[in-house]
Amino acid sequence: MEYAFVGSTCVIRGVAELKALGQRVDMADDLAKSVILGNAALIPSFQFDALGFTADELKHYNTPERRMGAPDPFMAKYRKALITLHDNREALKAGRDLPKLAVVKPLEVK
Amino acid sequence: MAFANSRNERLYLQLESAFGTINNSSGTATVANGDACRHISASFQFDPQLLDRPDKTGSLGKTAGLAGRGIGQWSISQSVAGSGTAGTAPDCDPILQCAFGKAASVSAGTSVTYALDDNAYSFTGWSFRTSSNVAQRAAAGCIVQEMRFDLGQGIAQWTARGIFKGLVDSIVFASLTTEEKCGLTAFPSEPGSPTTSGNAAKGYIGSFTADGNVMATIQSASIILRNDDDLVYSLGYELPTDIERGLRVAGVEFELKEDDSTAVDNLVTKSRTKAAIDMSMVIGATAGNIWTFSLNDVQLNGLTYNDSSRRWQLGFGGSSANASSITAKDELTLVIT
């Protein structure tokens, strides 16, 4: 599954070096669970996309230093990203899985 | 033959579910990628006592003794590095939990708070090195006897030390007793993708507040948390079986440039009267990596006048914080935002 980064920096040795908000990484579910429980700031990319960051926001506020003093609308989205991360981690701690993108099959018309 | 380079070491920390038992699933260690954390140095020394038989032999020579009980000593130092994500604990979280005696309280997207409590927690420290053929080690049942955070230098650092129950080692694993294996049935390979988060904080970026006054001429400061804890044995065991908790002392040491301000005069006066004051120290300025230490009712101690540099400096050494009541545990609080 694909994940998006919402932290400052994170090194997943042999897999990725994450430095920018929204940076994508594809990894197996087991590895994702392990590193999210181990404090990596990753959320499934479909959850990240749903937050509605604009390309401009991801360009201008992609590091913690650049986020200092960022406008409120951006910070509100970023705060939602962190709450999503927190909720996902709590779910993993409770033995549940990370949310998956629901695939809705169209009804067959007979 | 391959040598082991000192830098080719990865440290993993796991809070233990039960004292001295390495977290496992049916004997298989559960150490995982996310347990890794960057470190400056990690030392795990374990040398069981040598028990000499005291009986006379009829001659003056010494005969071989027996391996006895042992307690290991550990120390770890790291850069002060939050996760870089507000509301996510730092990689060194297991050591902080053990030092404070309580799990962190997390406010989603905002902060992680470590407050003091009387719980007895332990962690396992794993040292994996390259090549994998040299001894890989796991120190089980580590307790924190002292943790110290330093403000003032280039990269802020913390050091912690303590004692531990037993050292499980990949080289001698097969010859260890069940007790010495600390719950494992095999020594694990290192996880394939150790994962670490966050940047180091600059030690000179932050602030120091004493009795409501910001002390901008601070040169160095250290927050110290000492736990007079020990490990105890039970009859029939070679290794310690439990943690005994003792007196907890949180304190501060600091040095500042002397001037004639009322804020400095106030500290000199309070060091004489021993009137308690509140203090706080902040390290870092970037979200997810701002460490705020709050000390309650500090009684200043050990005032020294130092003329070894161009300007006079005042030193306050070993000043302890105090709980606000006999039931409170508010001597020291750490909030990472």
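Biologist: I would like to start with chain A. How many helices and strands does it have?

Modeller: The model is predicted, so every element named here is read from predicted coordinates. Chain A has five helices and five strands. Their order along the sequence is β-β-β-β-α-β-α-α-α-α. The C-alpha trace of chain A spans about 55 × 35 × 25 Å along its principal axes.

Biologist: How many residues of chain B are in contact with chain A?

Modeller: Contact here requires heavy atoms within 4.5 Å. On that basis, 26 residues of chain B touch 25 residues of chain A. The two chains bury about 1,900 Å² between them, and 49% of that area is on carbon and sulfur atoms. On the side of chain B, 22% of the area buried against chain A is supplied by B:Thr85, B:Ala108 and B:Thr195, more than by any other three residues.

Biologist: Now the sheets. Which strands form the open sheet of three, and in what order?

Modeller: The order is β3(A)-β2(A)-β15(B), with antiparallel pairing. Strands of chain A and chain B therefore stand in one sheet, with β3 of chain A and β15 of chain B at its edges. Each edge strand has a single partner, so one side of each is left without a neighbour in the sheet. On average, neighbouring strands of this sheet are turned by 5° against each other, direction ignored.

Biologist: Over how many bridges do β2(A) and β3(A) pair?

Modeller: Over three bridges, in the antiparallel sense. To place one of them in the structure, take A:Cys10, whose bridge partner in β3(A) is A:Leu18.

Biologist: Which strands of chain B does β23(B) pair with?

Modeller: One partner is β22(B), residues 277-283, which pairs with β23(B), residues 291-298, over six bridges in the antiparallel sense. Another is β26(B), residues 332-336, joined to β23(B) by five bridges, also antiparallel. The residue B:Thr292 can be followed through both pairings. B:Thr292 is the bridge partner of B:Val282, and in β26(B) the bridge partner of B:Thr292 is B:Val335.

Biologist: Next, the pockets. What is the volume of the largest pocket, and which residues lie nearest its centre?

Modeller: The largest pocket has a volume of about 1,100 Å³. It is lined by 35 residues, and those nearest its centre are B:Arg7, B:Glu9, B:Cys37, B:Arg38 and B:His39. By type, the lining divides into 13 nonpolar, 12 polar and 10 charged residues.

Biologist: How should I read the second largest pocket, and what lines it?

Modeller: Read it by volume, lining and source, as before. About 720 Å³ of space lies in it. Its lining has 26 residues, with A:Leu37, A:Asn39, A:Lys93, B:Asp93 and B:Gln97 nearest the centre. These divide into 10 nonpolar, 10 polar and six charged residues over the whole lining.

Biologist: Which element gives the largest share of that lining?

Modeller: α5(A) does, with four residues. At least two residues each come from α1 (29-37) and α5 (72-93) of chain A, and from β1 and α1 (93-100) of chain B.

Technical notes
Residues are numbered from 1 along each chain as its sequence is written. Chains are lettered from A and ligands numbered from 1 in the order in which they are written. This is a predicted model: local features need pLDDT of at least 70, side-chain atom pairs count only at pLDDT 80 or more; totals for chains, interfaces and linings use all residues. Side-chain values use heavy atoms; hydrogens and water are left out. Two strands pair if DSSP finds at least two bridges between them. On a 1 Å grid over the protein atoms alone, a cavity is a set of points where a 1.4 Å probe fits but cannot get out, and a pocket is an open set with protein on both sides within 12 Å along at least five of seven lines; lining residues have an atom within 4 Å of a point. Grid points are joined across faces, edges and corners, and a volume is the space filled by probe spheres set on the points. Ala, Val, Leu, Ile, Met, Phe, Trp, Tyr, Cys and Pro count as nonpolar, Asp, Glu, Lys and Arg as charged, and the others, Gly among them, as polar. Axes are lines fitted to C-alpha atoms, for helices over the stretch in contact, and angles run from 0 to 180 degrees between N-to-C directions. Buried area is the accessible area (1.4 Å probe) that two parts lose on being put together, summed over both.
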